[in-house]
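Reader: Hey, I've just opened this one and I'm a bit lost. Could you walk me through it?

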Amino acid sequence: MRISHKPFTAVLVAGALAASLGACGSGSAPSSKGSANRDSSMSGEITVFAAASLKTTFTQLAKDFEVQHPGTKVTLSFAGSSDLVTQITQGAPADVFASADAKNMSKLADANLVDGAATNFATNVLEIAVPPGNPASISSFVDLAKPGVKVVTCASQVPCGSATEAVEKAAGTTLSPVSEESSVTDVLGKVTSGEADAGLVYVTDVKGAGDKVKGIPFPESDRAVNTYPIATVGSSKNKALAAAFIANVTSEAGKKVLRDAGFGTP
């Protein structure tokens, strides 16, 4: 990937048999963890276009997939979902598309650029990210609209931007961001670099950032739950491998990786 009480004589017989079996197996190396689940029937390479908020989880899922399917390679490309849609529409070679919302997936489906129906595999909600120490004393969503607070959001065409607009309506609060970014990771970067007092990102981004930021949940986030769909791109030259990767994402093992990162279940 590119970035597992018996008679005494009976006891003696059993012991001798166990020793014999152990000796027979001593010359072979123990199998690696998970080797029983490996499938070498597939080969080739696929390119996965995925929303920026999926970078950590999909990097892990792609690595796991390559281990399970020796001879395969998964190339990952992360960006804002709307940017990825534009790239695919313009002919960028992609085999799988994972969006941070249904709207951007629908754009490809309406253009007949996906193969079959998309599968919903995760959900996510917004959270306020502030620098350690919370210098602007942010404690609620409405605090982001206070004079002098430098808040950064996603642009409206990006899923996290659409979610922000929905939250603004729910809270009856209009924000005046100092910057609107093309991906949620760019918003997080503004906060971690100290360029912003606060940013609206996903709960998974806050969790993944560790002690670089402090997360502030707010009740209005429930009014803008993003559902993540995944589908095979119609122009894929390896649809069997693309379908296998999607199956891996939606499997129980895949769901666990997503849950551990903070994603919800659709």
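Predicted model: local features only at pLDDT ≥ 70, side-chain atom pairs only at ≥ 80, totals over all residues.

Reader: What volume does the largest cavity have?

Author: About 60 Å³. There are 13 residues lining that cavity, and the closest to its centre are Ala 51, Ala 52, Ala 100, Val 158 and Val 184.

Reader: OK, and how much space lies in the largest pocket?

Author: About 280 Å³. The largest pocket is lined by 17 residues, with Ser 53, Thr 56, Thr 204, Asp 205 and Gly 208 the closest to its centre.

Reader: Which helices each supply at least two residues of that pocket's lining?

Author: Helix H2 (55–68), helix H6 (184–192) and helix H7 (203–209) do. H7 gives the largest share, with five residues.

Reader: How does the lining of the largest pocket divide into nonpolar, polar and charged?

Author: Six residues of the pocket lining are nonpolar, six are polar and five are charged. For the largest cavity, remember, the count of charged lining residues was none.

Reader: Switching topic. You mentioned H2 for the pocket. At roughly what angle do the axes of H2 and H8 cross?

Author: Roughly 120°, and the axes of H2 and H8 (residues 239–249) come within 10 Å. The two helices are therefore oblique to each other, since the roughly antiparallel class needs an angle over 145 degrees and the roughly perpendicular one stops at 115.

Reader: Is the crossing of H2 and H8 left-handed or right-handed?

Author: Right-handed. On the H2 side the contact is made by Phe 58, Leu 61, Ala 62, Phe 65 and Gln 68, and on the H8 side by Leu 241, Ala 244, Phe 245, Asn 248 and Val 249. Eight of those contact residues are nonpolar, two are polar and none is charged.

Reader: Now H9. How do the axes of H2 and H9 cross?

Author: At roughly 150°, coming within 10 Å, where H9 is residues 252–260. That makes H2 roughly antiparallel to H9, because the angle is over 145 degrees. The crossing of H2 and H9 is right-handed.

Reader: Which residues make the contact there?

Author: From H2 you've got Thr 57, Gln 60, Leu 61 and Asp 64, and from H9 there are Gly 254, Val 257 and Leu 258. By class, the contact of H2 with H9 has three nonpolar residues, three polar ones and one charged one.

Reader: Last one: what about H3 and H4, parallel or antiparallel?

Author: Roughly parallel. The axes of H3 (residues 81–89) and H4 (residues 102–110) come within 9 Å and cross at roughly 10°, and angles under 35 degrees count as roughly parallel.

Reader: And which residues in H3 meet which in H4?

Author: Ser 81, Ser 82, Val 85, Ile 88 and Thr 89 of H3 meet Asn 104, Lys 107 and Leu 108 of H4. Sorted by class, the contact between H3 and H4 comes to three nonpolar, four polar and one charged.

Methods: Residues numbered from 1 in each chain as written. Heavy atoms only, no water. 1 Å grid on protein atoms, 1.4 Å probe; cavity = no way out; pocket = protein on both sides within 12 Å on 5 of 7 lines; lining within 4 Å. Points joined across faces, edges and corners; volume = space filled by probe spheres on them. Helix = DSSP H or I, 4+ residues; strand = E, 2+ residues; numbered from the N terminus. Nonpolar A, V, L, I, M, F, W, Y, C, P; charged D, E, K, R; others polar. Axes fitted to C-alpha atoms, helices over the stretch in contact; angles between N-to-C directions. Parallel < 35°, antiparallel > 145°, perpendicular 65-115°, else oblique. Left-handed = near helix turned anticlockwise from the far one by under 90°. Contact = heavy atoms within 4.5 Å.
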